[in-house]
Amino acid sequence: MLKQIEGSHGVAEAVALCRPEVICAYPITPQTHIVEDLGVLVKSGKLTNCEYINVESEFAALSVGIGSSAAGARTYTATASQGILFMAEAVYNASGLGLPIVMTVGNRSIGAPINIWNDQTDSMSMRDAGWIQLFVEDNQQAVDIHIQAFKIAEKLSLPVMVCMDGFILTHAIEGIDVPEQKQVDKFLPPFVPRQVLDPEDPISIGAMVGPEAFTEVRYIAHQKQKEALKLIPQINEEFKKIFGRDSGGLISTSNTEGADTVIVTLGSVIGTIEEALDEQDEKIGALTIRSFRPFPLEEIRSALKNAKRVVVFEKCFAVGIGGIVANNVRMAMSGTNIPVYEVIGGLGGRPIIRKSLHKLFKDAVNDKLENVTFLDLKKDVVDRELEREKQLIQSGSVAENVLRDGGVVNAAKTT
Amino acid sequence: MFQVRIHGRGGQGVVSAAEILSVAAFIEGKHSQAVPSFGSERMGAPVVAFCRIDDKTIRLREPILEPDALIVQDPTLFSAIDVFAGLSENGYLLINSKRSIEELGIADAIHLPEDKVRLVPATEIALKYIKRPLPNAVLLGALAAVTGVIKIDSVTEAIASKFPGKIGDVNIQAAESAYKLLSHNNQEELTC
């Protein structure tokens, strides 16, 4: 049924339709509304046969999730930002143990400096943790991909992280077609665990594995992710048949055929990018990466092979080297001579606006982009702080200095 | 596309106003998107929320930089932030105040024809019906009267769906009161 609702509420309804048996809840902005709304659904009796557990931390949230999933319960949790860092050890354990937990990440920056706004640094910090990572463009996809996520997770016995831009999607109220229970039941069969901890039939999972077998176990994890490259599009096809919507898959493209320049991105920014592209006449296409792990090297290479240049636009970067997504895209393009430019934007919630994108497109088609560009960087503020550090040994805190120089606050001087 | 930016302070229902407006547009079969500006919300802090209304899918996710209508729920914001930034020359401006533009000292900042600017005693109307100084529903009623972008019946239906029961009822009365007041005074400045 089409409803005008908040993204977080849509996700809560979608998760409830998947009949989770355990939900581990710990609040952190900007995902809190999701677990709150699920709490209401459980308490009101709309979601039955589900244990809603208020835990004491993110580490506990995923640790409890590991236990419940290992005991054969369909398990869900959600987190963001510092929360995913606090559960980091459990994140690796969930995938290493092969437990099909679904977790939403309401994407947010990571401090310090503390910042509650959107970028994708949090999910990216766990990109190599062995989870499947799916990034959504809008709230309809957020709903649809959560439903697909349980199926992907359980078929592979691997955890899936659904990554949705914090605030921009979690707090946006827009039209969402929320599926019917009978559709979801038809699409998603009851969970049959590949391994289960049962007191009636005791086994152990999570054995110590020495040098004689560790490589093989890790190799199988890698193979499973490769299997997911085939499974994710298949499951999207099954989804399409029942729900009539194309919401998943590994990548999506628009106007990449015959494009000289292709912008590659992930998450909700594609909406603003496509609006901006519609306003100009250059041959620029766009490619959105839905599945970041596994990374669809072949699909991306094939979609970009006729471009003259590729511009990767990402809301995260690896300090000391540059774009994270760009580096992965370069791997897909290795052996071609197509240049891959990196643009870092939207960090810590800085709005990504069409005006800046138009300048970016113009620079891109004229090959005037630097290898790494920070969109809308306030160069004067940066230069002033760097100069201050040169002049003074006790130059103070960078964050406070930059806030003061940028005229944001009347921050107290530290020297 | 019609873009509305709502300014107010934490506790005045700015975010709810954007949501209600988007639901009202949805009721009319339109596409709409409501988004709060994102801060650490707290009572009294300046808050901004956005609502876009269109006949087709809305993909744009930048903040509303050039609003077609601007609602100012709190006239003490003028000294704190540039609420008028980007207001379109053909835009509408609704301000919650019983004072005049001159009395508010903002005449120089507004570059709109007089018929596009409305001062609405929204706090007073809210106190009369809701018994609390919550101007959001009142100003949505005013928006319906002045812009015609949304029907008052859709606004009241949206309020009822967000706030079922008595709270919704009194907010609906307040919104309808503002709608009637501004419909009657469509060509005059309101300073009651």
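Biologist: What makes the order of elements in chain B, and how many helices and strands are there?

Modeller: Helices (H or I, at least four residues) and strands (E, at least two) are DSSP runs, numbered from the N terminus, and by that reading chain B has six helices and six strands, which from the N terminus on run β-α-β-β-β-β-α-β-α-α-α-α. This is a predicted model, in which local features need pLDDT of at least 70 and side-chain atom pairs count only at pLDDT 80 or more, whereas totals for chains, interfaces and linings use all residues. Residues are numbered from 1 along each chain as its sequence is written, while chains are lettered from A and ligands numbered from 1 in the order in which they are written.

Biologist: Why is chain B called as compact as a globular protein of its length?

Modeller: The globule rule, 2.2 Å times the number of residues to the power 0.38, is set against a radius of gyration taken over C-alpha atoms; for 192 residues the rule gives 16 Å and chain B has 15 Å, which is close, so the chain is as compact as a globular protein of that length. Its C-alpha atoms fill a box of roughly 40 × 35 × 35 Å along the principal axes.

Biologist: What share of the residues in chain B is buried?

Modeller: A residue is buried if 20 or more other C-beta atoms, placed from the backbone, lie within 10 Å of its own, and 50% of the 192 residues in chain B are buried.

Biologist: Among contacts in chain B between residues at least 6 apart in sequence, what share joins residues at least 24 apart?

Modeller: With contact meaning C-beta atoms, placed from the backbone, within 7 Å, that share is 63%.

Notes
A residue is buried if 20 or more other C-beta atoms lie within 10 Å of its own, exposed if 12 or fewer, and partly exposed in between; C-beta atoms are placed from the backbone. Two residues are in contact if their C-beta atoms, placed from the backbone, lie within 7 Å.
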